[in-house]
Amino acid sequence: MILAILLTILSFLLVSALQKPKYIYLLQFLLLLATPWLIILILGRPSLNTPISDKITCNQTSSNISCLTSFEFIFFQADTRNHSGIKDFGLFLPSFISAFLIGLWITITSKNKRYHFVVLLLIIGLGLTALMSKDGGLLSVLWLVVPISVLATLGFHKMLSLLLSKRTGLPIKSFVLMNFGLLVYETARLYQIIIFHKPFS
Amino acid sequence: MRKPSILFLLVIALAVFLRVYQLNNFPPGLYSDEAAYGYNAYSLMKTGHDEYGKPWPLTLKSFGDYKPPMTTWLTIPSIALFDLTEFAVRLPSALAGVISVIGIYYLTMEIFIGSNKLLIFGKKYNEYLPVIATLLLAISPWHLLFSRSSMLVGIELMFITWGLLFFLKALRKQLHLYLSSVCFAGAIYTYYGSRIIIPLLIAGLFLIFRKELWKIKKTVSLSALLGLILVMPLIFAILNDPETLTGRAKTVSIFYDSGIESKLWEAHTLNGPDFPPVVGRFFHNKPYFYLKDILRRYSQHFSADFLFVTGDPHPPFDIPNMGNIYLIDAPFILLGLFLVIKYNQKKTLSFLLLLLSAPIASSFTFVTPATNRAFLMVIAITILSALGIIYSIKTLANSFKINWTLVALFIFVLYTVSFSQYLYNYFIATPLEIPEKWHYGRKELVEKISLKEGSFKKVVVSDKGGPPYIWLLFYKRYDPEIYRLTASVNNIPDKFGFIHIDSFDKYTFTRNFNWSTIQKNTDTLYVGFEEEIPDGLYREISGSIYRVIIDNKIKYPNGKTAFKIAHLEKI
C-alpha cells in the first residue's frame, strides 16, 4: 500500500511539473484507477521479493530482461504468480499503448528539457528492471510504472485536446474516440474480473 | 541514379559471396517447403503441370497450404541451368537477396539524399549513409537467413523494396509509378502476407503523399489499373477455388485455433452460474479477445527478445544463440528512430510505414513472433541502424574532437565481432544443434533407400517430421507424370490443415508410425526415425519373431542417429 501511494505521488509530481492545466490531475487520477499495477499493489499485496526465476509468459527461451521489458509483459500478460498480477492483464491496459506512444512522441519532439527528463526516467527504469530481473519479483518492474504512467497521461491529454479541437480531422477524432471507448470498456472489464473472478483469493 | 562508388561495389561483392557460398550445404538439409518449390518447378518445367497435374496454377496446392507461385516460377530457369539441386532451388532467393541489398542503397539515397535534401548530418556524413545501410543488410543475420533458403519472403522483400523505391522516385518522375505497380503486384504473387500488407502499405503511402499524388492523378489511376490487371488472375483463381485462400489460413490462422475459445470458456466459468449471460458476453466476447490477441502478437515482433536475444523459436527460423539482428544494432536503431521522429519528413514516414505494417499479417497467425512473416521489418530496421551509426560517428567525433575515422573503425570492430559470432552460429552451431529443424539427412536417406529398395517389394516410410514423399520425388528426380499416375492423395487435412500423400509407386507413408502395430513383412523396407525402429529381435502378438536388420543409419552432423533403414528376417 505504501509503495502504491509512493508511486502515485511520484506520478502526480512529475505530471504537475510538465503540464499546467489542473484537470490533468483528474485525468491522471482516473487513469491510475484503470491501471492493473496499482490494483495489484493495493488488493493483491504481492511479495516484493518473489523471484521470477521461471520463464513465465514470454516464450520458453526468453531471458528475464527482455521478457520483463517487453510490450507483451507491460500491456498484455504480466506475472500472475503469488498475487503479482491478474491473468491476461499486463501492468497497464492495452488501450494505454497508443497514449504511451503519443506521450513518447511529445516528449522526444519537445524543446522543453523537462519532458526529456521523463524519457531519461524511462531509460533508467528499463536499466534498473534489467539489472534486477535475475532476482525478480514485482519490484523489478515497478521502476517502469511511473514513467509509463506519466507518458500515457501526456498522451491521453493530447488525445483529449485533439478531440476537443475544431481543427482536428474526422479520422483522428474517430481514432481518439475509439481509443477512449476501448479504455472505458477495458476498465469496466478489469473491475468485473476483480469483483467476480476474485484473482487475489 | 548516381554512379555507385567503389565501396558500394565491394559491399555488393560481399553480399553475393555471403549468399552463394556453400549454398548447397547451408542451411544443413533441404527444408520440406524448399523441396516442394523445387519439385513443382521441375514438374512445371517438364510437363507444364504441378505435382497435382494442374496446368500452370496460380497457387500451388503442395501440402494443402496453397503456396503462392512466384518462387516456383523463378526456380524454373535455375533448375534448367543447374538441375534439380539444393543450389538451384535456393539460387533465386540468393539473387533476390542481392537485389534487395542493391535496392536498399538506392532507397536510402532516395529518402535521405534525393531531392528531399534531408541533410541531417551534413553532406560529409550523409554520403556514407546508403553504403552503410547496404553493408548492414549484406551482413544482416535476418536477411542472410532468408537469402540462403527458398522461403518466399526473400523474393517478396525484393519486390517490396523496389516497389517502395519506385514509388518514391515517382514523386519526381511519374513513369516510375508503373514500375512500382508491377513490383507490388509481384509481391502479391510471392507471399501470402503481401495480400494484406500491400493494400495497407499502398493505402498508407497514398495518405502520406496524397497532395503529390493528386497532381499526377492520371498516372496514379493508370498504374493502379495496371496493378489490378496484374493481380486479376490471382483474384479469379481465389474466387474460383476459395480453398486456395482458406486452405492456408486453416494451417496458421488464430481464427482456426482453439486458444481463444478456451479462454472464453474459462472466463464465463469464472463468472459463475448466477452471472447474467448477456452481461457476461459483453465483458468476455470473441471480438475483444481476438483484437487483444492480435495486438499482443503484433507487439511481440518489437520485443528485445525476438529482435536481439532469442529470435524466432519456431523451426527452422531460429539461429542458435542469437536474435534476428545484432545486439550492437540496438542503440543505433533507437538513435535512428529518435532522429526520424525529430526530423519528421514524409519520405522517412514511408519506410516507418513499412516497419509498422510488416508484422500485421503475422499477428493473425498463432505462430508468433514470426521471423519469416515479419521479414519486411528488416529494411526499416537496417536504415534506422545506419542512421544511428552515422549520428554516433558525427556526435562522438565532434564531442571528443577526434578523427571520425577512429570512431568509425571502433564501430566497425564491434560489428566484425558480432558478424563473426553470427558466422559461427550459422555455419557451425546450426548443423550441430538444430540440424533436424532444417530436415537434415533426407538426401542421404533417399540415396541409401535407392540403393536398397531394388530387393524389396515395398518401402514403408514414417510420415513424421515433414512429408517424406517430397524428398523422394526431389532427390530421385522422379518423373512427374509417372508420380501423378501412382500417387494416392489423402485430401482430408490433418489437425494442422496439411494434406498427406499416402503412397506412390512402391512407397507407403505411414502417419503415426508405430512399430507394434505396423504390418510386418520380410519383403518390405522400413524407414523411420531412430526411436521408431527397434534393434534386435521383435516378437509379434501373434507369436511370430523377427530379427530387425538395420541396413543403414543416417546420422546428424553431431553424431546422433536421425534415421534408420531396416528390413526383417523371420525366425
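**Note on the predicted two-chain model**

1. Start with a side-chain pair in chain B. Asp33(B) and Lys67(B) are joined through their side chains by a polar contact of 3.0 Å. The model is predicted. Asp33(B) sits in helix α2, residues 32–47 of chain B. Its relative accessible area is 18%, so Asp33(B) is classed as buried, the cut-off being under 20%. Beyond residues up to four places away in sequence, Asp33(B) touches Phe63(B), Asp65(B) and Lys67(B). Lys67(B) is therefore both a contact and the polar partner, since contact means heavy atoms within 4.5 Å.

2. Next, His301(B). This residue is placed in the loop between α16 (286–300) and α17 (304–309) of chain B. Its relative accessibility is 0%, so His301(B) counts as buried. Two polar neighbours deserve a look. The side chain of His301(B) makes a polar contact of 2.9 Å with the side chain of Ser362(B). A polar atom of the His301(B) side chain also lies 3.1 Å from the backbone nitrogen of Ala370(B).

3. Neighbours within four places are left aside here. Among the contacts of His301(B) are Phe306(B), Leu307(B), Pro359(B), Thr368(B), Pro369(B), Ala374(B) and Met377(B). Ser362(B) and Ala370(B) are on that contact list too.

4. Helix α12 of chain B covers residues 217–240, 24 residues in total. From first C-alpha to last, α12(B) reaches 33 Å, close to the 34 Å expected at 1.5 Å a residue. Where does α12(B) bend? The bend is at Val231(B), by about 40°. A proline, Pro233(B), follows within four residues. Val231(B) is also buried, as are Thr219(B), Val220(B), Ser223(B), Gly227(B), Leu234(B) and Ile238(B) of α12(B). An α-helix has 3.6 residues a turn, so residues three or four places apart point the same way.

5. Ile390(B) belongs to helix α21, residues 377–399 of chain B. With 2% relative accessibility, Ile390(B) counts as buried. Which distance separates Ile390(B) and Leu129(B) in space, C-alpha to C-alpha? The value is 6.8 Å, although the two are 261 residues apart in sequence.

6. Chain B also holds an open sheet of eight strands with mixed pairing. The strand order is β2-β3-β4-β1-β5-β8-β7-β6. β2 (488–490) and β6 (536–539) of chain B are the edge strands, each with a single partner, so one side of each has no neighbour in the sheet. From one strand to the next the twist averages 25°.

7. Within that sheet, β1 (residues 458–462) and β5 (residues 524–529) of chain B pair in the parallel sense over four bridges. Lys458(B) has Thr524(B) as its bridge partner in β5(B).

8. Two helices lie across strands of chain B. Helix α23 (residues 442–452) lies across β1, β4 (507–510), β5, β7 (545–555) and β8 (561–570), and runs at about 135° to β7(B). Helix α24 (residues 468–476) lies across β1, β3 (500–504) and β4, and runs at about 150° to β4(B).

9. Finally, chain A. Buried residues account for 52% of its 201 residues. Of the contacts in chain A with a separation of 6 or more, 68% link residues 24 or more positions apart.

Note on methods. Residues are numbered from 1 along each chain as its sequence is written. Chains are lettered from A and ligands numbered from 1 in the order in which they are written. This is a predicted model: local features need pLDDT of at least 70, side-chain atom pairs count only at pLDDT 80 or more; totals for chains, interfaces and linings use all residues. Side-chain values use heavy atoms; hydrogens and water are left out. Two strands pair if DSSP finds at least two bridges between them. Axes are lines fitted to C-alpha atoms, for helices over the stretch in contact, and angles run from 0 to 180 degrees between N-to-C directions. The expected span of a helix is 1.5 Å times one less than its number of residues. The bend at a residue is the angle between axes fitted to the seven residues ending there and the seven starting there. Buried means under 20% relative accessible area, exposed over 50%, partly exposed in between (1.4 Å probe, protein chains only). A polar contact is a pair of N or O atoms within 3.5 Å; within protein, one must be able to donate a hydrogen and the other to accept it, and residues adjacent in sequence count only if both atoms are side-chain atoms.
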